[in-house]
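Please look through the structure shown here together with the questions that follow.

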Amino acid sequence: MDTLSEASILSNLKTNFIGQHVIYFPRLGSTMDTARQAAREGAAEGTLVIAEEQTAGRGRRGRTWFLLKGGLAYSIILYPALSQLSSLIMIASLSVVHTIETFTSLQASIKWPNDVLINRKKVCGILIESAVKGTGVDFSIVGIGLNVNGTPPPLPPPAIPATRLSNETGKEIPRVRILYRLMEETEQLYMAVREGNSLVNEWRQRLETLGRLVQVEMDGITIS
C-alpha cells in the first residue's frame, strides 16, 4: 500500500497554492478540527491537513465518518468571499467526480448535498464548515473523505452502502496520484468561481437525485 507523507505529497504537486502547505499526521481524530485551529492561527490559503488514518471525522448532523488506512482524509483551508460560500460544495464534489473519472472508467454522481457515489454506493463524503462574521468570512474548511483502497468505513443505518475505488475497478489505486489530481481540480474550480464563473449547470447535471422522488427525514418527520 502506498504511504503518504509531506515529502511525497509535495514532490510532484503542480498547483499554485492548494496543497502547497501540508500538515500531515499518520493518525488523527479529525482533519477538520486541526484545520480549523490552523486557520485561526493564520495558516496560508490552500493549506492541506491530511491524515493517513482518521478516527473521529464528522459527517453531517453529527455523524461520525471513519476513514481507515487506504483512503484519503483531508481538509483544505480557504478564505473565500461571502458570495462564494455556496459554491464550495460544488467545487468539492466536482473535484472528486472529475478525479475519479480521470483515473478510472467509472462514472461518478453527486447525492445532494455532500456525497459522491459510484453505482449508487457512497465512495466519498464531504463536509464544509465556515466561520462568518457579519458580511465577511474568516475562513472555510473543505473536508473530504474518499475511499480509495482498503476497507470502506462503517456507515450506520439507514445509510446507503459504501464502496471504494479499488472495489469498483478491481485494482489498487495510487493514492498520491489521486491526491495530486484532487488538489489541481480544486484549485482550478476555486479560481473559476473567484473569476465569476458558475459551476451550477455542471453540478446539476451530476446530481443523482434530480428528477427522482426522494424522502427526507427531519426531526422525526418524513417528507416526500
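**A buried loop residue and its surroundings**

Isoleucine 173 is buried, with a relative accessible area of 5%. The model in view is a predicted one.

Q: In which loop is isoleucine 173 found, and which residues does isoleucine 173 touch, not counting residues up to four places away in sequence?
A: Isoleucine 173 belongs to the loop between helix H4 (165-169) and H5, and its relative accessible area of 5% lies under 20%, so it counts as buried. Leaving aside residues up to four places away in sequence, its contacts are Asp2, Val148, Asn149, Leu165, Ser166 and Ile178.

Q: How many aromatic pairs does a search of the whole structure find, and what is the angle between the planes of phenylalanine 17 and tyrosine 190?
A: Searching the whole structure gives one aromatic pair. It is formed by phenylalanine 17 and tyrosine 190, whose rings are 6.2 Å apart centre to centre and are tilted, with an angle between the planes of 55°.

Q: How many residues apart are phenylalanine 17 and tyrosine 190, and which parts of the chain does the pair link?
A: The two partners are 173 residues apart, and the pair links distant parts of the chain. Phenylalanine 17 counts as buried because its relative accessibility is 17%, and tyrosine 190 is buried with a relative accessible area of 0%. The parts linked are the loop between helix H1 (6-11) and strand E1 (22-28), which holds phenylalanine 17, and helix H5 (residues 175-194), which holds tyrosine 190.

Q: Which residues of H5 make the contact with H3?
A: The crossing of H3 and H5 is right-handed. From H3, the contact is made by Leu88, Ile91, Leu94, Ser95, Val96, His98, Thr99, Thr102 and Phe103, and from H5 by Arg177, Ile178, Arg181, Leu182, Glu185, Thr186, Leu189, Tyr190 and Val193.

Q: Which residue of E7 is the bridge partner of valine 116?
A: Strand E5 (residues 108-111) pairs with E6 in the antiparallel sense over four bridges, with isoleucine 110 opposite valine 116. On E6, Val116 and Ile118 point one way and Asp115 and Leu117 the other way, and all are buried. Strand E6 (residues 115-118) also pairs with strand E7 (residues 121-133) in the antiparallel sense over four bridges, and there the bridge partner of valine 116 is cysteine 124.

Q: Which residue takes a positive phi in the hairpin of E7 and E8?
A: E7 and strand E8 (residues 136-146) pair in the antiparallel sense over ten bridges, and valine 132 stands opposite valine 137 in E8. In the hairpin of E6 and E7, with two residues between the strands, asparagine 119 takes a positive phi near 55°. The hairpin of E7 and E8 has two residues between the strands, and there a positive phi near 60° is taken by glycine 134.

Conventions
Residues are numbered from 1 along each chain as its sequence is written. This is a predicted model: local features need pLDDT of at least 70, side-chain atom pairs count only at pLDDT 80 or more; totals for chains, interfaces and linings use all residues. Side-chain values use heavy atoms; hydrogens and water are left out. Rings of Phe, Tyr and Trp (its six-membered ring) pair if their centres lie within 6.5 Å; planes under 30 degrees apart count as stacked, over 60 as edge-to-face and the rest as tilted. Buried means under 20% relative accessible area, exposed over 50%, partly exposed in between (1.4 Å probe, protein chains only). Two strands pair if DSSP finds at least two bridges between them. A crossing is left-handed if the near helix is turned anticlockwise from the far one by less than a right angle, and right-handed if clockwise. Contact means heavy atoms within 4.5 Å.
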